[in-house]
Amino acid sequence: RMLWIATVVSNIGSWMSDIGVNWTMLTLSADPLAVALVQAASSLPMFLFVLPAGVLADIIERRKILLFSQVWSFCAAAGLALLSFTGNVTPEVLLAATFLLSTGAALSSPAFQAIVPDLVDKQELSPAIALNSLGINISRAIGPALGGLILSFAGPWMVFLLNALSVVGVAVVLHRWKPQATVQRLPPEHFFTAIRGGLRYVHAAPVLQNVLARTVAFFLFGSAGWAMLPLVARRELGLGPGGYGIMLACIGIGAICGA
């Protein structure tokens with residue numbers, strides 16, 4: 001329960017930060033390529049690091065990986081908040097900070113999903129997974145609207161600072177959590193051997209290949225809407241940061257209603 005609440009708060013902070021990053025880039029450069037690069041910088045770490053992070057989650061204690069990723073995310077968010085407060089944010093700095101923040105998310109994502117069986121009994125596993133998905137959509141509904149409101153009144157530095165502070169709760173809960181020791185009957189797999197094993201598994205699993213192909217096909221085109229949405233909100237609709245935040249919040253509200 002404590003980890004779920006802390007994660008929802010942290011995800012709200014992440015969505016608030018996304019609003020701040022996208023809108024800040026829009027004020028620094030009206031070039032559509034620069035605006036789209038924010039989405040690219042946000043997605044690239046997942047493509048590059050999530051497979052190695054999944055391997056590490058099998059080799060190293062997951063709690064340690066999660067704590068490291070929270071510290072990483074806090075440093076990146078706090079650094080961006082400081083640079084924004086002092087007026088030293090450039091498009092390049094914004095893209096680099098977005099990449100670092102998404103790297104922290106990529107490092108923690110496999111481990112977070114893998115620890116769910118350690119938190120609940122087997123019969124409660126399915127509801128726990130559903131509750132995690134609901135938490136993501138709740139944060140997606142609250143974070144953008146709240147971020148747009150704060151951005152309108154206080155500026156982007158406050159949004160970035162609140163994102164940094166939201167990470168602290170997850171780190172505290174993880175630090176207090178003492179997982180039960182597991183007995184390893186086999187030696188841990190080597191890093192590159194485990195990656196090759198995962199790729200071989202996908203190659204031999206037609207159902208998983210089908211899921212991956214459909215996912216790539218959807219996001220290849222769907223990501224264009226995410227990337228250009230700030231530009232559409234400002235140029236075509238004449239919205240401010242609050243209106244843009246509400247647009248993103250509607251995606252989360254729709255997901256909750258669909259669920």
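Accessible areas were computed by the Shrake-Rupley method with a 1.4 Å probe, and for residues only the protein chains shown count as cover. On this basis the accessible surface of the protein comes to about 14800 Å², of which 69% belongs to carbon and sulfur atoms. The structure is a predicted model, in which local features need pLDDT of at least 70 and side-chain atom pairs count only at pLDDT 80 or more, while totals for chains, interfaces and linings use all residues. Residues are numbered from 1 along each chain as its sequence is written, and side-chain values use heavy atoms, with hydrogens and water left out.

The secondary structure of the protein, in which helices (H or I, at least four residues) and strands (E, at least two) are DSSP runs numbered from the N terminus, comes to 10 helices and zero strands. Read from the N terminus, the elements accordingly run α-α-α-α-α-α-α-α-α-α. The C-alpha trace spans about 60 × 40 × 35 Å along its principal axes. The radius of gyration, taken over C-alpha atoms, was set against a globule rule of 2.2 Å times the number of residues to the power 0.38; for 259 residues a compact globule would have a value near 18 Å, and the 19 Å of the protein agrees with this. Of the 259 residues, 35% count as buried, where buried means under 20% relative accessible area, exposed over 50%, and partly exposed in between (1.4 Å probe, protein chains only). With contact defined as heavy atoms within 4.5 Å, 84% of the contacts between residues at least 6 apart in sequence join residues at least 24 apart.

Two helices were examined along their length, the expected span of a helix being 1.5 Å times one less than its number of residues. For H2, whose 28 residues should span 40 Å, the end C-alpha atoms are 42 Å apart, in agreement with that expectation. A bend, defined at a residue as the angle between axes fitted to the seven residues ending there and the seven starting there, amounts to about 50° at phenylalanine 49 of H2, and proline 52 follows within four residues. The buried residues of H2 are Ala34, Val35, Val38, Ala41, Pro45, Ala53, Val55 and Ala57, and their cover includes H1, H3, H4, helix H8 (191–203) and H9.

Helix H9 (residues 206–236) has 31 residues and reaches 43 Å from its first C-alpha to its last, close to the 45 Å expected. H9 bends by about 50° at methionine 228, and proline 230 follows within four residues. Among the residues of H9, Ala227, Leu229, Pro230, Leu231 and Ala233 are buried, with cover that includes helix H1 (2–28), helix H2 (32–59) and helix H10 (241–258). Glutamine 209, also found in helix H9, counts as partly exposed at 33% relative accessibility; leaving aside its neighbours within four places in sequence, glutamine 209 is in contact with Val202, His203 and Ala204. After H9 comes glycine 238, whose phi is positive, near 65°.

Individual positions in other elements were also considered. Threonine 103, placed in helix H4 (residues 91–114), is buried with a relative accessible area of 6% and touches Pro45, Phe49 and Trp72, not counting residues up to four places away in sequence. Glycine 135, in helix H6 (residues 125–154), counts as buried at 1% relative accessibility and, with neighbours within four places in sequence left aside, is in contact with Trp4 and Val8. Although glycine 135 and isoleucine 256 are 121 residues apart in sequence, their C-alpha atoms are 9.4 Å apart in space. Glutamate 61 and leucine 37, by contrast, are 24 residues apart in sequence and 34 Å apart from C-alpha to C-alpha; glutamate 61 is found in the loop between H2 and helix H3 (62–85) and is partly exposed, with a relative accessible area of 37%.

The structure holds zero disulfides, a disulfide being a pair of cysteine sulfur atoms within 2.5 Å. Cysteine 257 is accordingly in no disulfide, and the nearest cysteine sulfur, that of cysteine 250, is 10 Å away. Cysteine 257 is exposed, with a relative accessible area of 64%.
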